[in-house]
Amino acid sequence: MAAGELAAGELAAGERVTEERGVARSQGARVVPARGDEHTREVTEAAPRTRAPLLLHSLADLREIWVPLVEASGARSVAEIGSESGVTTSLLVDLLRRGGGGRLVVVDPNPGVEPTSGGGLDVQVIRGHSPQALDDHAPTDAYLLDGDHNYATVRGELEAIAGAVERFGRSSFPLVILHDVGWPAGRRDQYYAPDRIAGNDRQPHSWDVGVEIDNPGTVRGGFRGMGAFAWALAEGGARNGVRTAIEDFIAEQPDLRFFTVAPVFGLGVVVDRRAPWARRVADLLTPWVSNPLLSRLERNRIDLYLHVLRLQDAAAAAARVRQREWSRLDEERSRLAATDLDQLARIAELERELGELRRRAAESGLLDVDGTDGSAGSPGGGPAGDESRLAQVARVAGTALRARLGPAGQDRLARVQARVVDVAGPTRTTLPALRRRPSPPAR
């Protein structure tokens, strides 16, 4: 699915579709009476909540329109091009079996479901890509085209159907139902596998862009394939888009009429005026075709969905900004932790140097072995106005330490001195406290 698809929502009233091991099945809803003025009519209850995509995008979501058309045409053989999840395939199986059986052809390189033949139903699954997969096959009474949404593929499918009609001598063109004739693929090619399209039939395209309604170019963000499909870089122009392919084909077939219905990215119906069922199908289409209410609802649906995508993109962008900030903070914390370890190692080194200075002072007679002033008990030692040699040594060491430490290191040195004072006790001569001085900038 496209970008931003969410789960949650409801299917259409009257029927709900559930998935079981990849096979969809219909479940009828209860029928209850509804009162209205002087009449009582039967309506179906709204289906219970189920997990469904926020963005309705499948041909199965338009079944209230096309299933009655296939029934009205009396089709006993149907070809489905592009089966996706298999919901539409299951609807066709039910339709044909209700009518007593028939022939179902499913064309898809990886079909969502593969129904089995039996009970009057003959199923043929062709694992391949259209239009090539349609070569040499007998035409069916009706076709549902919902494969690759680009000009070359759709035009090739219609021409393959026309060729089969001519080869087998059919008197009229089959009923053809096509999806994605509206925005965004109606006038802009969408490619699931661009390499399968001949170079002269392929529009300039990109996998990394999105589209927005009323914008003939591309955008960063918007409705995009997220690697599932690519968009043509420009909307409109010759040989571009599903609807353009149908109109160009119809222009060469004077007996064919083309109807469009707005909802769910647009439904197209090709009807042959010569077919005996043409009037019945046209009458069924009348309430849906050129319906301004449906057109407004579809435009509103697209605008709201694009708004959801913009909100999701904004939330994702904000999350990326937060992630970058978290990464920056993590790096800063790591840097500070490394600096802290370096400073602790430096303090330990300086403490070792201080111990070495004290040892040398003791060896030279400036300090006793226990670290006290060697002149404390001498006749000339300890006058108030004379600083002892020990104090001088401490000041020299303190100056050296302060010159080599930053502010944080000086704080740690002060704590070390406090511990030394605590260990020395009041009865022992201690080193004078080193006053903290502003350290020069680190070089």
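Author: Contact means heavy atoms within 4.5 Å. This is a predicted model, where local features need pLDDT of at least 70, side-chain atom pairs count only at pLDDT 80 or more, and totals for chains, interfaces and linings use all residues. Residues are numbered from 1 along each chain as its sequence is written, and side-chain values use heavy atoms, without hydrogens and water.

Reader: OK, helix 5. Which residues are buried?

Author: Ala278, Val281, Ala282 and Leu285, in a helix of residues 278-285. Buried means under 20% relative accessible area (1.4 Å probe, protein chains only). Helices are DSSP runs of H or I, at least four residues; strands are E, at least two; both are numbered from the N terminus.

Reader: Why do they line one face?

Author: Seen down the axis, they fall within an arc of 100°, so they line one face of helix 5. The arc is taken from the directions from the helix axis to the C-beta atoms.

Reader: And what do they pack against?

Author: Helix 1 (63-73), strand 9 (175-179), strand 13 (256-261) and strand 14 (267-272).

Reader: New topic. What is the strand order in the open sheet?

Author: 10-12-11, with antiparallel pairing. Strand 10 (190-191) and strand 11 (205-206) are at the edges with a single partner strand each, so one side of each has no neighbour in the sheet. Two strands pair if DSSP finds at least two bridges between them.

Reader: How many bridges join strand 11 to strand 12?

Author: 2, and strand 12 covers residues 230-232. Ser206 has Trp231 in strand 12 as its bridge partner.

Methods. Buried < 20%, exposed > 50% of the residue type's maximum accessible area, 1.4 Å probe, protein only.
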